[in-house]
Amino acid sequence: MSNKPTIYFGNFPSSQKLKDIVPVAITSGIPTWYHGLRYKALAPEYQLTCYLRNLQKNNLLTKKDIADITKQYIADVLVGRTPDSLFEEIKEVCGSDKFCLISYESAGEFSHRDIIKIFFEQGGYSCVQII
């Protein structure tokens with residue numbers, strides 16, 4: 001059993017339900033009503049976001065696409081980081097070790113949030129989806 005904190009994941013609507021957990025947006029853009037914290041360093045490159053949204057919109061997303069997008073996101077964003085160093089970065093941004101990383105996608109809809117979740121799990125963190 002890990003003594004590391006639990007990391008929460010959700011979307012913008014689910015962030016309104018959080019109590020005692022700090023929501024942190026990990027997207028380039030945010031809804032107009034959201035006034036919480038942001039950590040743009042974890043947002044995917046704009047071209048990657050557009051590519052993924054187009055595939056999802058047209059129901060064309062394949063396992064190969066997910067693998068390619070994951071590889072690109074890791075190269076663009078996660079390279080040089082460890083799960084522990086990333087946790088410390090986010091903790092510094094929000095001033096708490098109890099945070100929820102949020103993006104637009106609903107549960108079951110692939111996003112960079114899933115890549116980050118796996119990254120943390122590989123580092124021994126427990127991850128919980130709040131949606």
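Before the rings, a definition: two rings of Phe, Tyr or Trp pair if their centres lie within 6.5 Å, with the six-membered ring used for Trp. Please keep in mind that this is a predicted model. By that rule, ring pairs join Phe-87, Phe-99, Phe-119, Phe-120 and Tyr-125 into a cluster.

A search of the whole structure gives eight aromatic pairs. Phe-12 and Tyr-34 make one of them, an edge-to-face pair with 5.2 Å centre to centre and 70 degrees between the planes. This pair links distant parts of the chain, 22 residues apart. Phe-12 is in helix H1, residues 12-15, and Tyr-34 is in the loop between strand E2 (22-25) and strand E3 (37-38). Are these two residues buried or exposed? Phe-12 has a relative accessible area of 2% and Tyr-34 has 5%. Buried means under 20%, so Phe-12 counts as buried, and so does Tyr-34.

The rings of Phe-87 and Tyr-125 have centres 5.4 Å apart, and because their planes are at 25 degrees, the pair is stacked. The cut-off for stacked is planes under 30 degrees apart. Phe-87 comes from helix H4 (residues 83-94), while Tyr-125 comes from the loop between helix H5 (112-122) and strand E5 (126-130), so the pair ties together parts 38 residues apart in sequence. Both Phe-87 and Tyr-125 are buried.

One more ring to point out is that of Tyr-104. The charged end of Arg-53 sits over this ring, 5.9 Å from its centre.

Now the chain as a whole. It has five helices and five strands. Read from the N terminus, the elements run β-α-β-β-α-α-α-β-α-β. Along the principal axes, the C-alpha atoms fill a box of roughly 40 × 35 × 25 Å. What radius of gyration would a compact globule with 131 residues have? The answer is near 14 Å, and the chain has 14 Å, which agrees. Of the contacts with a separation of 6 or more, 68% are between residues 24 or more positions apart. Buried residues are 41% of the 131 residues in the chain. As for the surface, the chain exposes about 7400 Å², and 53% of that is supplied by carbon and sulfur atoms.

Next, the nonpolar cores. Which residues touch the most other members of the largest one? They are Leu-42, Leu-101, Ile-116 and Phe-120, in a core of 26 residues. The elements giving two or more residues to this core are strand E1 (6-11), helix H2 (46-57), helix H3 (63-78), H4, strand E4 (99-103) and H5. Take Ile-116 as an example. Leaving out residues up to four places away in sequence, Ile-116 touches Phe-9, Ile-26, Leu-42, Tyr-73, Leu-86 and Leu-101. There is also a second, separate core of nine residues.

Asn-11 is in strand E1 and counts as buried at 5% relative accessibility. Setting aside its neighbours within four places in sequence, Asn-11 is in contact with Ile-102, Ser-103, Tyr-104, Glu-105, Ser-106, Arg-113, Ile-130 and Ile-131.

Ala-43 is in the loop between E3 and H2 and is buried, with a relative accessible area of 10%. With residues up to four places away again left out, Ala-43 touches Ile-26, Thr-27, Ser-28, Tyr-73, Val-77 and His-112. Ile-26 and Tyr-73 are also among the residues that Ile-116 touches.

Last, backbone angles. Asp-20, in the loop between H1 and E2, has a positive phi of about 65 degrees although it is not a glycine. Asn-59, in the loop between H2 and H3, has a positive phi of about 55 degrees and is not a glycine either. Where do they stand in accessibility, buried or exposed? Asp-20 is exposed, with a relative accessible area of 71%, and Asn-59 is exposed, also with 71%.

How values were computed: Residues are numbered from 1 along each chain as its sequence is written. This is a predicted model: local features need pLDDT of at least 70, side-chain atom pairs count only at pLDDT 80 or more; totals for chains, interfaces and linings use all residues. Side-chain values use heavy atoms; hydrogens and water are left out. Rings of Phe, Tyr and Trp (its six-membered ring) pair if their centres lie within 6.5 Å; planes under 30 degrees apart count as stacked, over 60 as edge-to-face and the rest as tilted. Helices (H or I, at least four residues) and strands (E, at least two) are DSSP runs, numbered from the N terminus. Buried means under 20% relative accessible area, exposed over 50%, partly exposed in between (1.4 Å probe, protein chains only). A charge sits over a ring if NZ of Lys or CZ of Arg is within 6 Å of the ring centre and within 35 degrees of the ring normal. A nonpolar core is a set of buried Ala, Val, Leu, Ile, Met, Phe, Trp, Tyr and Cys residues joined through side-chain atoms within 4.5 Å. Contact means heavy atoms within 4.5 Å. The radius of gyration is taken over C-alpha atoms; the globule rule is 2.2 Å times the number of residues to the power 0.38. Accessible areas come from the Shrake-Rupley method with a 1.4 Å probe; for residues, only the protein chains shown count as cover.
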